[in-house]
Amino acid sequence: MHSKYSSAKGNMEFHYKLTLRYNGTPYSGFQTQKGSVPTIQGELEKAVREIACSKDIRTLGSGRTDAGVHALGQVVKVSMPVRLSPTSFRAALNSLLPQDIEVFCAEWSDPDFHPIAHAVEKEYWYLFSPASRRNPFAKTLVTLNPLPLEIDRMNEAAGLFVGERDFINFYCTGTKVRSTRRRISKARIVKLKPGERVDMIFPPELYSFEVRGSGFLKQMVRLMMGALFEIGRGRRSKDDLADFLRGPMEGRLGPSAPARGLYLAHVDYG
């Protein structure tokens, strides 16, 4: 089978920078894995191979979102031996990708661009609601907490995350890292404004924990959110959080928050 797009001569590659948004509910995370488990990267590479009519492709994402985690701004570099305009490439990909994955921006990429190494900051949002009733629409997109939450107390505690800190107590081991120190430039909880008809789908009382930093450890944001939930329920205090940010401690300040509320919102390349 021959590609309908122009192929490169020799070993020439064409490089693209894609920005994806996706509902991560049915996927086992972003990164491809052994076996037949569905992943975002796996679906993307399947579509690129069909477009290029070649297995000689490479993709690299800006971060490994976990199973069930969503993205509004996942950046991926794609290299392949086929040249087509970014607009055509985006349209072709979206015609092949599942409905819960969308390439909403495509552009040419510098050959040396590295989505991870060149990122200046990343921002995550965690959506939650202290809703007292079930929600059949938002159940995979928002974490619902049936217990009352002291939002002001949570927001005050969230400010302790800002600065350069050792997040060893907010790190799920399994991935080797050189250091557990990270720099956080923003950590706050904001109440999202209700909207007409939107309240029929999402809970009317909806909050977003917004955290921005130079980098994040495995499940770091979910453990931060889990700690804030414990503080909001009165089970832990701001002083407890301060202790857990000073150095290694036994146990956890709180369980890891569910994946369904977490979104990779934006990757900043300066």
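Q: Which residues lie nearest the centre of the largest pocket?
A: This is a predicted model. In it, Ser62, Gly63, Arg64, Lys122 and Phe216 lie nearest the centre of the largest pocket.

Q: How many residues line the largest pocket in total?
A: The lining has 38 residues.

Q: And what volume does that pocket have?
A: About 960 Å³.

Q: How does the lining split by class?
A: There are 15 nonpolar and 15 polar residues, and eight charged ones.

Q: Staying with strand 3, where is Leu60, and what is its relative accessible area?
A: Leu60 is in strand 3. Its relative accessible area is 32%, so Leu60 is partly exposed.

Q: How far is Leu60 from Val76 in space?
A: Their C-alpha atoms are 5.4 Å apart, while Leu60 and Val76 are 16 residues apart in sequence.

Q: What about Ser85 and Val69, how far apart are their C-alpha atoms?
A: Ser85 and Val69 are also 16 residues apart along the chain, but there the C-alpha separation is 30 Å.

Q: Where does Ser85 sit?
A: Ser85 is in the loop between strand 5 (82-83) and helix 2 (86-96).

Q: What does the Ser85 side chain contact?
A: The side chain of Ser85 is joined to that of Ser88 by a polar contact of 2.9 Å.

Q: Next, Thr65. Which loop is it in?
A: Thr65 lies in the loop between strand 3 and strand 4 (70-80).

Q: Is Thr65 buried or exposed?
A: Thr65 is buried, because its relative accessible area is 5% and the limit for buried is under 20%.

Q: Which side chain does Thr65 make a polar contact with?
A: That of Tyr22, at 2.8 Å.

Q: Changing topic: how many aromatic pairs are there?
A: The count comes to 11 aromatic pairs. One of them is Phe161 with Phe170, at 5.7 Å centre to centre and with 90 degrees between the planes.

Q: Why is the pair of Phe161 and Phe170 edge-to-face?
A: Because the planes are 90 degrees apart, and an angle over 60 degrees counts as edge-to-face.

Q: Buried or exposed, those two?
A: Phe161 is buried, at a relative accessible area of 0%. Phe170 is buried too, at 1%.

Q: What geometry does the pair of Phe167 and Phe170 have?
A: Phe167 and Phe170 are edge-to-face, with centres 6.1 Å apart and 70 degrees between the planes. Both residues are buried.

Q: How far is Arg183 from Phe170?
A: The C-alpha atoms of Arg183 and Phe170 are separated by 13 Å, and the two are 13 residues apart along the chain. Arg183 lies in strand 10 (residues 181-192). At 35% relative accessibility, Arg183 counts as partly exposed.

Q: Which residues do ring pairs link into a cluster?
A: Tyr126, Phe128, Tyr207 and Phe229.

Q: Which ring does the charged end of Arg21 sit over?
A: The ring of Phe104, with the charged end of Arg21 5.5 Å from its centre.

Q: Now backbone angles. What is the phi of Cys53?
A: Cys53 has a positive phi of about 50 degrees, although it is not a glycine. Most residues other than glycine have a negative phi.

Q: Where is Cys53?
A: Cys53 is in the loop between helix 1 (40-52) and strand 3. Its relative accessible area is 30%, so Cys53 is partly exposed.

Q: And Gln219, what is its phi?
A: Gln219 also has a positive phi, about 60 degrees, and is not a glycine.

Q: Which loop holds Gln219?
A: The loop between strand 11 (206-213) and helix 4.

Q: Why does Gln219 count as partly exposed?
A: Because its relative accessibility is 22%, whereas buried means under 20%.

Notes:
Residues are numbered from 1 along each chain as its sequence is written. This is a predicted model: local features need pLDDT of at least 70, side-chain atom pairs count only at pLDDT 80 or more; totals for chains, interfaces and linings use all residues. Side-chain values use heavy atoms; hydrogens and water are left out. Rings of Phe, Tyr and Trp (its six-membered ring) pair if their centres lie within 6.5 Å; planes under 30 degrees apart count as stacked, over 60 as edge-to-face and the rest as tilted. Buried means under 20% relative accessible area, exposed over 50%, partly exposed in between (1.4 Å probe, protein chains only). A charge sits over a ring if NZ of Lys or CZ of Arg is within 6 Å of the ring centre and within 35 degrees of the ring normal. On a 1 Å grid over the protein atoms alone, a cavity is a set of points where a 1.4 Å probe fits but cannot get out, and a pocket is an open set with protein on both sides within 12 Å along at least five of seven lines; lining residues have an atom within 4 Å of a point. Grid points are joined across faces, edges and corners, and a volume is the space filled by probe spheres set on the points. Ala, Val, Leu, Ile, Met, Phe, Trp, Tyr, Cys and Pro count as nonpolar, Asp, Glu, Lys and Arg as charged, and the others, Gly among them, as polar. Helices (H or I, at least four residues) and strands (E, at least two) are DSSP runs, numbered from the N terminus. A polar contact is a pair of N or O atoms within 3.5 Å; within protein, one must be able to donate a hydrogen and the other to accept it, and residues adjacent in sequence count only if both atoms are side-chain atoms.
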